[in-house]
Amino acid sequence: MIDWLALSVALPLLGAVATVALPRFAVPLGLAAALPTVWAALMVMVLVADQGVQVSALGGWGAPLGILLRADGLAAALLGMANLVALAVSLYAPGYFRGSVLEARFWPLWMLLWAALNGLFLAGDLFNLYVTLELLGLAAAGLGALTGQRAAVEANLRYLLVGLLGSMTYLLGVSLIYTALGTLDLEQAARELRAGPVAWVSFALMTGGLILKSALFPMHFWLPPAHANAPAPVSAALSALVVKAAFYLVLRLWLELFGPVVGASAALLLGLLGAAAVIWGAWRALRAERLKLLAAYSTVAQLGYLFLFFPLLAELPAGTARTELLGAAVLLALTHGFAKASLFLCAGLLQKAAGHDRIDELSAATQALPVVTLGVALAGVALIGLPPSGTFTAKWMLLTAAIDLGQWPWVPVIMAGTLLAAAYVFRVLGHAFASAPRHGDAPPIDPRGCPGANAIGLALQLPGLMLALVAVLALGMTAEPLWDLLASTTDPSEAAP
Amino acid sequence: MSALLLALDGLLSISVVALAWATVTRREPRQAVILFIAFGLLLALVWARLRAPDVALAEAAIGAGLGGALMLAAARRALIQRDAAPSPAPPEEAGR
Amino acid sequence: MILDAWLPAAIVLSSLLPGLLIFLLREDRQLLRTGLNMLGALVKLALVGWLIWGVYEGRVFESRLTLAPGLDLVFSADALSVLFVTLSTVLWLVTTIYAIGYLEHSPNRSRFFGFFSLCVSATVGLALAGNLFTFVVFYEVLTLATYPLVAHRGTPDAIKGARVYLAYTLAGGTLLLVGAAWLHALAGPVTFTQGGMLGGLVDDHPVQLTLVFLLLLGGLGVKAALVPLHGWLPQAMVAPAPVSALLHAVAVVKAGAFGILRVVYDVYGVTVAESMGVLGLLAVLASVTIVYGSIRALSQDGLKKRLAYSTVSQVSYIALGASVFGPIATIGGVVHLVHQGIMKITLFFCAGNYAETLGVDRVSEMDGVGRRMPLTTLAFTAGALGMIGVPPAAGFVSKWYLGLGAAEAGSDWVLLILVTSSLLNAAYFFPILFRAWFREPPARWPDEHIPAARLETSAPLLWPPVVTAVLSLAAGLFAASPVSPLEWAELIARREYGL
Amino acid sequence: MTAHLIYAAAGLALVVLGAWSFLVHAPLLRKLVALNVMGAGVFHLLISVGYRGLDAPPDPVPHALVLTGIVVAVSATALAVAFGQRLEGSAGEQDRD
Amino acid sequence: MKRREAAITALVLVLSVVLAWAFWNAFSGPTGDRLAELTATRVPESGVTNPVTAVLLNFRAYDTLLELAVLLAAILGIWAVGKASPGFLPAGAVLRALVGLIVPLLIIAGGYMLWVGGHAPGGAFQAGALLGAAGVTLRLAGYPAAGLPPEALLRVTIGLGVLIFTLCGVALMALGYGFLTYPLDLAKWLILVIETAATLSIGATLAAAYLGGRADPTDSGDGVTR
């Protein structure tokens, strides 16, 4: 009997211990743990697709005494995305860190972060979620401060403190649920929670705590410096996965636990915050001077889009239309995960080649590394939401739903967000074309004036490009099975007549 | 008996909160941390009263003990540094 | 037949796949790159031939890919799409040859031809789009694929032009997206249907559908360069000549005009659109654009700029044809989609030849070019006369049908527009022709690259304009033959009006 | 039986005190102390939820949760202290870019 | 600044009222027992008699495993950021003399705590904390390494808890019991093994955390990504 759910968490934990114990062999040991972890996660996805929701009662006790791991379609989709992104990061990291003291420090924390992510996606227990959140937060802070540089440490100290406040708030909400319902199991709690002060306040506490962690506007202030100052593979993981994990939890709790009992005004509030995030994040990204800072602000904006789905989901009765829209939300989250990871991985290489990541001085680097630039371009297409990326499909469905439900105010927000995103993406891409002219008198730019570029092999460039291709082509053109997968999402309001 | 116990509970609760108040309002970091340690130990005592001896032990040893020791060391370092440098070090702006 | 389901997709892929391969080529693999380019163009031509034959036989071609529940990418072929696909495929072949001659010694060729192929793939994709969603997808992809071509030279001017292009087209794309999504929310998946697909919906949501029409028109009008959304087109003139040809004749501007035809005829249906009163607005916009473009063209000394404003004016004939109710005007508009393409591409090829061969890029420098480059100038003359509408050139046929249709619909003021525009056309083209043929050439050309040998310029630059000029003359002379664009346009008009 | 309510109220008071102090006080150590007080409040609350009077054995589940929580809190505190120390150590030092 | 503080104070006061209201509702709900009775009936199947240990190391063992991982993450993060700097005042002679007495006592008490945890208050965390306290005491007395083993061994020790815990889980799964599902006859011993490993890890980690600084074989003190 192989418990793939438990293995998705256990394998990276073993990898972490191994890389702690034998730092000299961190890379081979880390990769040796990474590959089976990805395999286990993909097996979970396959099982969910084939057989529906997968449950593993750890310790054999079952709820409410023991802890359940549970994988439904939603969990499986995010698990699959996270592990593929993590695989790309793992393949990229050795080349990126080669010869640096950071290599041995990176791997154990990275494997712990990975374990936390998988644990979080699969958790079916409210307190266990708290532990995975803390593991995620501490591992992320450690990774973010990996270089020990002042700016990085400062940003991550702030992240750590905000994260702690968030998880304490979350834990208070969990205590409230336990006090009222006497269970920590998510599904049981969902069955027993009724509309009332307990539901409202625990929703506010848990979601509020998670919003701090998922950097939803106006709680986003910690994110850009923390993500922009980390080493590129870490930024990729933080921006693509860690904040996404917090969003996933908000969505999951809302769908299963709170959606039916807290009413539409709470969802509307989430939507409003999301709208503000879309505009503010995109605006700041446009004004950013550094590529990684731009990418980090773009994360703030993209998270905003995800929260726009809440008021729409809240208004739809359970059924096909709602599942379709939920699929769009998940598609958006997945596409952003791949695209943002790709953008950070590519930005890291441009930074390596140019020695800096100031956008206005990146012409030589973008032209010396065309594969990387292609990766940036494709990731950019996905971030803007142009076809054929998955974002486009998702945005189309978001727009249609908003219009269909008469929630007009979101439409200009989406339009403005899209145009601002286009502006900041093409601010970067324009530099890829500025070159020595045949006519005219612009100063020629010599791609060879970028000595760092030669040291960057194709193997280091491919992970970023692959992720971008997934975001643009795979999720844009062949995303339909996602909705079949999500059909096995637990939605109690759907089960109840 | 019950009333007496209740009075004791009330008294304990009030002292815990009062001690916490003293802890969070103390400006001088070292004293704040020392108060925090005392607060933790008192809390451990209360938890023992609430029939949670395992947790009481853990709080005394880990929460108040090691956590306190860690923060105390940090407070001392801050003190040493401030004394060493005549111009005050920039404040540790951790929040916003 | 299973192949029928693949044919439309295969037509799109026939330029897409070579394009992707070209990206991977090293700069010096000239032979392989040219081979791939030509292979793609010829395969596409063959497939389109098969498609025409099949549509003529009455077969149904449809490729479908489901992206999400209720969201399908559909390629299918009807008379209108076949017309546009044929136009772009033929002109692409010619433009590719021209581009090879024009760019073979400049840097970043793999990048250029890769995006060139993407651009045509997107155009063919939107031509074959079977529903509005697919159209929007390829409309946006076209924007993306064209940006690098406009920016290709990398000069500050080029980067700026590309940025302006992008700002206009992406903003337009967003309007189109919202309009399309709105329509989708009202009517479900919007499949292009001859005679329109709205049915009785207009009675339920007259205001919403009018707003949707305005949004769609706003989105499409940017690419179709309707005033006041035309600002990008003159700025984009910094691009190399083959790109200008692509923008003005094969792909971008055409995509906008084609989209307007689609929306009027196959989404709303011309009868419904007429009853909603939105056609009048379109007519006014188109007329203003026609006159404004011509007036601006008068004062341009840069040859390509003058041609660009001419495009602004000429493309709106297509919209004008769509806006006048009645089959005859429709024929005029639809056939102008083809005629304007052939004539304008000829003019741009010639302009490129003057610049490449002699360094001549201003009207004031064109004295006597007819003697130095007689074949090119003959082609230019054919195109210019066609634009003015001198019989029996292709442009005359378009204008004739437009005028006849307007008279039939009782819109006499349209006749006035046509006459004014033709006079203005003459006013900005005749001076060029006069200079070229009747003035003395200067002692030295501004920047002579290619010396006159057996041919007046290099072969791949010379033959494409000659071929397209001949085509444009043929389209006018043999308008009555059964395989002419005019005949095909009549077929479309009959179907749209259910005659 | 109201003892647990008294203690729960104290727990809430601690939470609120901690949260307030975290929000209004800027220095790192004060923030850390505040977070720890807030955490202690949550833990205290959980312990009082588990308390079922002098006669009945208490609910061990909240106790176990609190034990876990204490270790997590101390881990986070240690990490934050280390980060703070790194910042002090480089207060005057030029940063490498 | 004052205005902001006042706003926060007001906000927090509102929050406290809301919290009190919600918790009042929660306490007055129907589930007074919560999991107490259920746990009590199942403790005999857990292999230990101390209910808290039963929850921590059997019913909710997975939580505890992840908690050890949190501890590991913390120490790795600490090692990532910087060197230790003197954070203590040099110990006097009296303390030095006392250390010889206190440290062995702490270690013995730790061992006892660990053993007794199965049936009485105590267990891995308390025991680990005592070991950690021994380390802190040594450090305060001026032993720079705080009694911790050398680098290579220390790295193994801090990971030991997670390692043994996870290996037990996976091995049990491979044997067909399920992840972290102890067969009843082995439960007691498995828990003891896991707790022993966890105690060592916790003790070493806490002491190392107090030490701060960096256990990094290739440490150059410079973290530039080149």
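**Chains A, C and D: a working chat**

Visitor: How do E1(A) and strand E2 of chain A pair?
Guide: E1(A) and strand E2 (residues 67-71) of chain A pair in the antiparallel sense over five bridges, where pairing asks for at least two DSSP bridges between two strands and a strand is a DSSP run (E) of at least two residues, numbered from the N terminus. This is a predicted model, in which local features need pLDDT of at least 70 and side-chain atom pairs pLDDT 80 or more, while totals for chains, interfaces and linings use all residues. Residues are numbered from 1 along each chain as its sequence is written, and chains are lettered from A and ligands numbered from 1 in the order in which they are written.

Visitor: And what stands opposite A:Gln54?
Guide: In E2(A), the residue opposite A:Gln54 is A:Ala71.

Visitor: Switching to chain D, how many of its residues are in contact with chain A?
Guide: 25 residues of chain D are in contact with 25 residues of chain A, contact being C-beta atoms, placed from the backbone, within 7 Å.

Visitor: Which elements of chain D give two or more residues to that side?
Guide: They are helix H1 (3-24), helix H2 (28-50) and helix H3 (60-89) of chain D, a helix being a DSSP run (H or I) of at least four residues. H3(D) gives the largest share, 12 residues.

Visitor: What about chain C, how many helices and strands?
Guide: Chain C has 21 helices and two strands, and its C-alpha trace spans about 70 × 55 × 45 Å along its principal axes. Of the contacts in chain C with a separation of 6 or more, 81% are between residues 24 or more positions apart.

Notes: Contact = placed C-beta atoms within 7 Å.
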